[in-house]
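Reader: I have a sequence and a model to go through. Please take me through the parts that can be read from the coordinates.

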Amino acid sequence: MSSLTIHDLRKSFGAVEVLKDINLEARPGEFIALVGPSGCGKSTLLAMIAGLESVSSGEIRIDGRLVNDVAPRDRDIAMVFQSYALYPTMTVKENMAFGMESRGVPKADQEKAIARVASLLQIEPLLRRKPAQLSGGQRQRVAMGRALVRDPKLFLFDEPLSNLDAKLRVEMRTEIKKLHHRVAKTTIYVTHDQIEAMTLASRIAVMHKGVLQQFDEPQVIYERPANIFVAGFMGSPSMNFLAARTASLDGAAAVALDLPEGESVLPLPTGTKPQKAPGQPVILGIRPEHFTVAHRAQPGQTALGRLRLPVEVVEPTGSETMVVLRAGDTEITARYEPADAPKVGQTADLLVDMAKACLFDPVTEARL
Amino acid sequence: MADVTLARDFDPLATGGLRRKVRAKTLVYVLLTLFAAFYLIPILIVLLNSFRELPEINRTGFFAIPRSFSVQPWNEALNTFCVVGTCEGIRPFFLNSILMAVPATAISTAIGLVNGYILSMWRFRGSEWLFGFITLGVFLPAQMTLLPWAYILGNAGLTNTITGLVLIHTVQGLSFTTLFCRNYFVNIPDDLIKAARIDGAGFWRIFRRIVLPLSPPIVIVTVIWQFTGIWNDFIYGVIFSSGDKQPITSALIALTAGATSVRYHNVEAAAVLMAAVPPLLVYLFGGKYFMRGLTQGAVK
């Protein structure tokens, strides 16, 4: 039985439909990330799971129990808010005790639970402080402590790291991952940051315009995105999309690119059946890391296409260098080892690992 | 509530030379002194007259340098002066005002807090309209409400009672208290209420444990506003009460309109000053807490 099941869930505000037929399920102990750009409906979905928003149609079940019309307090959930939502007039300890106090948990048990969670999160020295006396990272910890102390069936996180500075965000991300390993509670985590989703989740639900685009393991989402939106949203720098058409090369399936420098034909991996007649338009998606400098080609690698493109911008990041290339009227970003990076104005000679490239239908935007 | 900013963005005195600075500063202080005098001189004259003996006032007039000093007028005003038939000074009317202003302030503030809480955090269909209607009362002149109140007090058997005045001031004050509290509470982040709901707290627990502890600044503002307004009210007191049920403001008029044609200017002056003490105290103490509440920046 799954911890959370969402079946054909819809939500509309008046005439505006913000969620359309969402189907999701979380197995016990799973870490699900809801990811998407702002306005995609992910926070609304979380609020509906929490019971803070009503359900227009469909079902939400927690541990098998239908909770559509159950009050938030009776859903046995805990939530961490983006703003932390710590009660400003209470001390850290009172903040953590408030939920238990509301539920009539005996004082002695409250003390025990707070002591356990405080030591787990190492916030014992903060217990007597007020939220205003805490730093951003400490508030974040306390907010998680307040959620953990009640031992709920389901943890809900609403963009918990987006108010932290970049360095702290990465640290807390690791903390959350460790914490999840230790407590192993089913968690639903909303974020607009695809790296957070990739690093934390056991499965990712990518949402766009109220529609669930793909729900799968991070690596699958990354390597076999369901459509152009998912492919472009996941991964940074994002996937390059090139208008191409189906072709054949020495009798095998291939795609052809029309570039100002002339036509480039890139072979598709052997075994790929031509799904369309030659000459049909397709969109070729290549991630920046799937380019190799021509002279570094590994012997025996197949399905390598070759592209020669002028270099427009070179962006070193230290560990790697991003190179922006001009391909007709689109720009392509390729990842280079810093030592191999070309200079602006040169022509880059690249091999494309076509086994890892994706083809999309230009009309439906779905992956072929 | 607005933030208290101590640093000025622009210091007009820093833009010119020394001469200009001196000139500008002098002008500012002269003007401020004039304004202060404008407000303070009447009070000073009343204060001085409250310690003069009556024959001296009659001889040299109200606007004269005091030649005598006596605390007798204060004693008389408080304890023995005859107002509308009783000779106990203004004490009974002072007490009436307290019995009227304290409950009316407390009840209207309490209801305003609950109204504001509901209208900001538990919105429902039409709640914005309801809020609009409630605040319409802010613009309603007291004179317009006199007839309806006469009707209500008559039917409720509350004519010429302090309870009746408490009822009037409570209801008349609700528009203001609701407006103040609602506008303060909309600044409390929604997430706090959501978190509390998930934590299992209900309507009243959220109000008591989360919203009220954040409210001291607005409670002080509301109490100052209500108490001074109710204490200083004249129109309801003079119309809906008479004899020994009058609040102090209408009794002060009765003081001057005694049966005798003799005017006790010194006693009147002392009585007026005594009547002004409670609102003054509320400002003095409340103002301090008000600033403290603001500077703590409790909400975020």
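Reader: How many residues of domain 1 of chain A are in contact with domain 2 of chain A?

Author: This is a predicted model, in which local features need pLDDT of at least 70, side-chain atom pairs count only at pLDDT 80 or more, and totals for chains, interfaces and linings use all residues. Residues are numbered from 1 along each chain as its sequence is written, and chains are lettered from A and ligands numbered from 1 in the order in which they are written. Contact requires C-beta atoms, placed from the backbone, to lie within 7 Å. On the domain 2 side five residues take part, and on the domain 1 side the number is four.

Reader: What separates the centres of these two domains of chain A?

Author: The bounds, from an automatic or database domain assignment, are 4-233 for domain 1 and 240-360 for domain 2. Taken over C-alpha atoms, the separation of their centres is 39 Å.

Reader: Which residues of α5(A) are buried?

Author: Helices here are DSSP runs (H or I, at least four residues), numbered from the N terminus. A residue is buried if 20 or more other C-beta atoms, placed from the backbone, lie within 10 Å of its own, exposed if 12 or fewer, and partly exposed in between. In α5(A), exposed residues on the other side include A:K167 and A:R182. The buried ones are A:M172, A:I176 and A:H180.

Terms used
Helix = DSSP H or I, 4+ residues; strand = E, 2+ residues; numbered from the N terminus. Contact = placed C-beta atoms within 7 Å.
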